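Have a look at the structure first, then try each task before reading its solution.

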Amino acid sequence: EDHGWAISTQVGAYIWKESESQNASSGAEVRLAVGKSIGDGGWANVEAAVRGCGGVNSLRWEGTLGHKVRQYDRAILKVFGDSEGCAANITRAQASYVYGFNSRIGLEVGWRQTLPNDSNWNEQGVVVGLWLAF
């Protein structure tokens, strides 16, 4: 019997460069995600990842609630963050609406807000994303 659960794991590597004056850095990440369908068109998802960079490890995490509003549209709320290590210790919240043009293409528009924290990273701003199904 299908209970609406989904579990996935990912292992990846990444390379990033923050500015012209800095050397490129690299690292690895291992991620576990667990999701559950809720009612008619809703879902919940939690993810946790351990990221290694330059001999340091940090934790990344995310919790998401979403609901299918119309045939291709979605409303999404999520909270996500990083622990000190590979990134700053920071938590953000985001609310988004995805307008689905069809089953393959959608446009996400939302608002992201950094939650109060000790390092005073209090950023906020509009989120725009393109969703593609393949």
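**Exercise 1: An aromatic pair**

Y99 is partly exposed, at a relative accessible area of 38% (buried means under 20%, exposed over 50% and partly exposed in between, with a 1.4 Å probe and protein chains only). This is a predicted model, where local features need pLDDT of at least 70, side-chain atom pairs count only at pLDDT 80 or more, and totals for chains, interfaces and linings use all residues. Residues are numbered from 1 along each chain as its sequence is written, and side-chain values use heavy atoms, leaving out hydrogens and water.

Task: find how Y99 and F101 are arranged as an aromatic pair.

Step 1. Rings of Phe, Tyr and Trp (its six-membered ring) pair if their centres lie within 6.5 Å; planes under 30 degrees apart are stacked, over 60 edge-to-face, and the rest tilted.

Step 2. This rule gives a count of one aromatic pair. Y99 and F101 form an edge-to-face pair, with 5.0 Å centre to centre and 80 degrees between the planes.

**Exercise 2: Strand partners**

Task: work out how β4 is joined to β3 and to β5.

Step 1. Strands are DSSP runs (E, at least two residues), numbered from the N terminus, and two of them pair if DSSP finds at least two bridges between them.

Step 2. β3 (residues 42–53) and β4 (residues 56–68) run antiparallel, joined by 12 bridges. G42 stands opposite H67 in β4. Their hairpin has two residues between the strands, and G54 in the turn has a positive phi of about 55 degrees.

Step 3. Nine bridges join β4 to β5 (residues 74–82), again antiparallel. Here G66 stands opposite I76 in β5, and the hairpin runs through five residues.

Terms used
Helices (H or I, at least four residues) and strands (E, at least two) are DSSP runs, numbered from the N terminus.
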